[in-house]
Structures are given as structure tokens and as C-alpha cells.
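Me: Please take a close look at one part of this model, the packing of a pair of helices. Then place that part in the rest of the chain.

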Amino acid sequence: MSESDSTVPVKSPVSQRIRYRLHQAQRRFHANDNIADFIEDGEMAELLDEVQEKMVGVLQSLVIDTDNDHNTQDTARRVAKMYLNEVFRGRYVAQPAVTEFPNVEHLNELMIVGPITVRSACSHHFCPIIGKLWIGILPNQHSNLIGLSKYARLAEWVMSRPQIQEEAVTQMADLLQSKVNPDGLAIVMEADHFCMHWRGVKDSDSKMINSVMRGIFLKDTHLRLEFLSLINNKR
Ligand SMILES: Nc1nc2c(ncn2[C@@H]2O[C@H](COP(=O)(O)OP(=O)(O)OP(=O)(O)O)[C@@H](O)[C@H]2O)c(=O)[nH]1
């Protein structure tokens, strides 16, 4: 815990109050963690004002004349809103409600959902990661079936945080495993990383593809190949 977070005066900045609660609960708050449980009513509006104020400082340090440049006058507010309410929203809001249905018909055939569009950002440069995600599920009679749209809603919640792709797919797999409790779970993500396209090495063509296989997908080569060939036909 940093010294400034260990004791929190009542009128301290809202981010400091939230960090204090996280430290007290000994909860991790990395860039790809959700911290909704530690934010009280009305504090998102305060956080917006605080991030805006800090963004004003960044623009000043970039020597941009925000007083006279009509294009950047409201940029600090726009960027703060974009981070908190859009591109990093998955850190600050609670998990979307997911209706779970019992597997009454005891379905146990491979089901594939995708491609789900992924919009994320890398935690190193905060550059966009844009890609696609496929999910394969082999339910059993005890599995919960969740509505099709909920796969996309859960993916959006996990992905709209700064992160690395390897951890994003693992988080997605852990979440679906806990919701659906299937015999097998497979996830493949293919994405463009703008930190490689727009800057740095400036390689416009390369993508990152990674997968997570759980349960029967690890043991059953035929099932794994069936999943991979079905999604390959659609890519
Ligand atoms: N493994 C992994 N690396 C990523 C991901 N997104 C971005 N990166 C890479 O993370 C690295 C960032 O760390 P550094 O190498 O210290 O950054 P840098 O000095 O700006 O590196 P360059 O991008 O090569 O200019 C870069 O190589 C990125 O391409 C991801 O999802 N997974």
C-alpha cells in the first residue's frame, strides 16, 4: 500500500478512497481487474471529474494550447469519458446479468458461438486490440445453458479493460467455466494489436492468435479438431 493510500482524509480524491477500500479488502486492482464492488453510488461522476482534471495536465504537458485550439478544448473530458464509460468500462461496472437455464434435454453436443467482435486495449500502451473470439462448449446434463447474447455481453465486459491477450482469454474461460460448468470449453481469439501497427515495430499485417482448451477439449483430439476446423471455415 502506498503511504498516501494508508490513511484517507474524508475529502480526499475519489480514486484514493476507492484504492483505500481495495487495500483494506486486500483485493488486486490490476488494469484487467473489475473493481465495481468498491465504487459507491455517485463516485463514477467524481472519478470522471478527477480523470478529466488529470488529462488537462497531460495536454498541458504535451504543450497543446487547449485555451485557443478549438479542437482540443473539450478533449480532456472526452478522453476521461471514453476511458471510464466506454473502452475501460469493464473495470467499473458489475458483471452483466446472465439468465441460466437448466439443460432439460441433457444436450451434450458441441456448440460454437462466434465470431464475437472483441474491442480491448493493451495494458502497455493503451492502444486498441480489435479482433474476434470463438467459444466452443460441450455441455453435460448438469450444465447451465445461457442465452446466446450473453456470450457477447460477457466477452464485452471482460475485454473492455486494458490487458494482454493471453490473460484476456484465460479470464474469459474462467468466467464461462463458472457460469456454464461444461465438460469441455474451448476459446480462440484472433486480434490486431495497434501498438504493433500504429507505432513501435509498425508491422501492419501480423495478428495474435491464441487459444484456451479446458476439460474434454484437452483429452479428445477429434473434438478439438472438429472445433478448430469448424471455426477455420468461418474465419
Ligand atoms: N504477450 C503480449 N504482448 C503484447 C500484447 N499487446 C502488446 N504486447 C507487446 O508488449 C510489448 C510492450 O513492452 P515493451 O517491449 O517494453 O514496449 P516498447 O519498448 O514500447 O516496445 P515496442 O512495441 O517494440 O516499441 C510490446 O512488444 C508489444 O507488442 C499482448 O496482448 N500480449
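Reply: Helix 2 and helix 3 are oblique to each other, because their axes cross at roughly 125°. The axes of helix 2 (residues 14–24) and helix 3 (residues 43–61) come within 8 Å. Helix 2 brings Val14, Ser15 and Ile18 to the contact, and helix 3 brings Glu43, Glu46, Leu47 and Glu50. An α-helix has 3.6 residues a turn, so residues three or four places apart point the same way.

Bear in mind that this is a predicted model.

Follow the chain on from helix 3. The loop between helix 3 and helix 4 (75–87) holds Val63. Phi of Val63 is near 55°, a positive value in a residue other than glycine. Val63 counts as exposed because it has 6 C-beta neighbours inside 10 Å. Asn181 also has a positive phi, of about 55°, and is not a glycine. Asn181 sits in the loop between helix 7 and strand 6 (184–193). With 16 other C-beta atoms within 10 Å, Asn181 is partly exposed. Most residues other than glycine have a negative phi, and most peptide bonds are trans. The bond between Gly114 and Pro115 is cis, with omega about -5°. Pro115 belongs to strand 2.

Strand 2 (111–122) is among the elements that cover the buried residues of helix 6. The buried residues of helix 6 are Tyr151, Leu154, Ala155, Trp157, Val158 and Met159. The length of helix 6 (residues 148–159) checks out: at 1.5 Å a residue, its 12 residues should span 16 Å, and its end C-alpha atoms are 17 Å apart.

Helix 7 also takes part in the ligand site. Helix 7 and helix 8 (194–197) are the elements that give two or more residues to the shell around the ligand. That shell consists of Cys122, His124, Ile164, Gln165, Glu166, His193, Cys195, Met196, Gly200 and Val201. Its residues divide into 5 nonpolar, 4 polar and 1 charged.

Now the whole chain. Its secondary structure comes to 10 helices and 7 strands. The C-alpha atoms fill a box of roughly 60 × 45 × 30 Å along the principal axes. Of the 235 residues, 26% are buried. Among contacts with a separation of 6 or more, 69% join residues 24 or more positions apart.

Methods. Residues are numbered from 1 along each chain as its sequence is written. This is a predicted model: local features need pLDDT of at least 70, side-chain atom pairs count only at pLDDT 80 or more; totals for chains, interfaces and linings use all residues. Helices (H or I, at least four residues) and strands (E, at least two) are DSSP runs, numbered from the N terminus. The expected span of a helix is 1.5 Å times one less than its number of residues. A residue is buried if 20 or more other C-beta atoms lie within 10 Å of its own, exposed if 12 or fewer, and partly exposed in between; C-beta atoms are placed from the backbone. Two residues are in contact if their C-beta atoms, placed from the backbone, lie within 7 Å. Axes are lines fitted to C-alpha atoms, for helices over the stretch in contact, and angles run from 0 to 180 degrees between N-to-C directions. Angles under 35 degrees count as roughly parallel, over 145 as roughly antiparallel, 65 to 115 as roughly perpendicular and the rest as oblique. A residue is near a molecule or strand if its C-beta atom, placed from the backbone, lies within 6 Å of it. Ala, Val, Leu, Ile, Met, Phe, Trp, Tyr, Cys and Pro count as nonpolar, Asp, Glu, Lys and Arg as charged, and the others, Gly among them, as polar.
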